[in-house]
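Hi,

Here is the structure I said I would pass on to you.

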Amino acid sequence: MSNWTPLRTCAVCRKKLPKSELIRIVKFADGTIKADETGKAQGRGCYVCKNDSCIEKFIKKKGANRSFKTNVKEDVYEQIKRLQDR
Ligand SMILES: [Zn+2]
């Protein structure tokens, strides 16, 4: 089981996927929210699949606002869009 990958739930489709197939959005202890490009940032995270339909819905419905119960800045969603393009 050394290659076991922890599964995380996509905030949009609720599917469980390995972290490598998800974009992580993290809320830091100071309240800052941003897309976690390294996947290693400390804080509470939520996840969205790296696929067009989930990311589109996540951005349109502002999925992070719901996950973090706060108003997430537009540039966080811009950042998610950029990560998707990679
Ligand atoms: Zn999904």
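Predicted model: local features only at pLDDT ≥ 70, side-chain atom pairs only at ≥ 80, totals over all residues.

Residues are numbered from 1 along each chain as its sequence is written, and side-chain values use heavy atoms, with hydrogens and water left out.

**The sheet**

Three strands form an open sheet in the order E4-E3-E5, with antiparallel pairing. Strands here are DSSP runs (E, at least two residues), helices are DSSP runs too (H or I, at least four), and the numbering starts from the N terminus. Two strands pair if DSSP finds at least two bridges between them. The edges are strand E4 (33-36) and strand E5 (44-49), each of which pairs on one side only. From one strand to the next, the twist averages 25°. For angles in general, axes are lines fitted to C-alpha atoms (for helices, over the stretch in contact), and the angles run from 0 to 180 degrees between N-to-C directions.

Strand E3 (residues 22-27) is joined to E5 by six bridges, and the two run antiparallel. With E4, strand E3 pairs in the antiparallel sense over four bridges, and Val26 stands opposite Lys34 in E4. E3 and E4 also form a hairpin with five residues between them, and Gly31 in that turn has a positive phi of about 95°.

How many residues of E3 are buried? Five of the six are, so E3 is largely enclosed by the rest of the structure. By buried I mean under 20% relative accessible area, with exposed being over 50% and partly exposed in between (1.4 Å probe, protein chains only).

Contact means heavy atoms within 4.5 Å.

H1 and H3 pack against each other at an angle of about 170°, with their axes 10 Å apart. That makes H1 roughly antiparallel to H3; the cut-offs are under 35 degrees for roughly parallel, over 145 for roughly antiparallel, 65 to 115 for roughly perpendicular, and oblique for the rest. On the H1 side you will find Asp52, Ile55, Phe58 and Ile59, which meet Tyr77, Ile80, Lys81 and Gln84 in H3. The residues of this contact divide into five nonpolar, one polar and two charged. For that count, Ala, Val, Leu, Ile, Met, Phe, Trp, Tyr, Cys and Pro are nonpolar, Asp, Glu, Lys and Arg are charged, and the others, Gly among them, are polar.

**Two residues in H3**

Ile80 sits in helix H3 and counts as buried, at 0% relative accessibility. Leaving aside its neighbours within four places in sequence, Ile80 is in contact with Ile23, Ile25, Ala35, Ile55 and Phe58.

Arg82 is found in helix H3 too, but Arg82 is exposed, with a relative accessible area of 54%. Arg82 and Ala35 are 47 residues apart in sequence and 10.0 Å apart in space, C-alpha to C-alpha.

How many disulfides does a search of the whole structure find? Zero, taking a disulfide as a pair of cysteine sulfur atoms within 2.5 Å. Cys49 is buried, at 3% relative accessible area, while Cys13 is partly exposed at 31%.

Most residues other than glycine have a negative phi. Lys62 has a positive phi of about 50° although it is not a glycine; Lys62 is in the loop between H1 and helix H2 (63-68) and is partly exposed, with a relative accessible area of 26%. Lys69 likewise has a positive phi of about 50° without being a glycine. Lys69 lies in the loop between H2 and H3 and counts as exposed, at 74% relative accessibility.

Cheers
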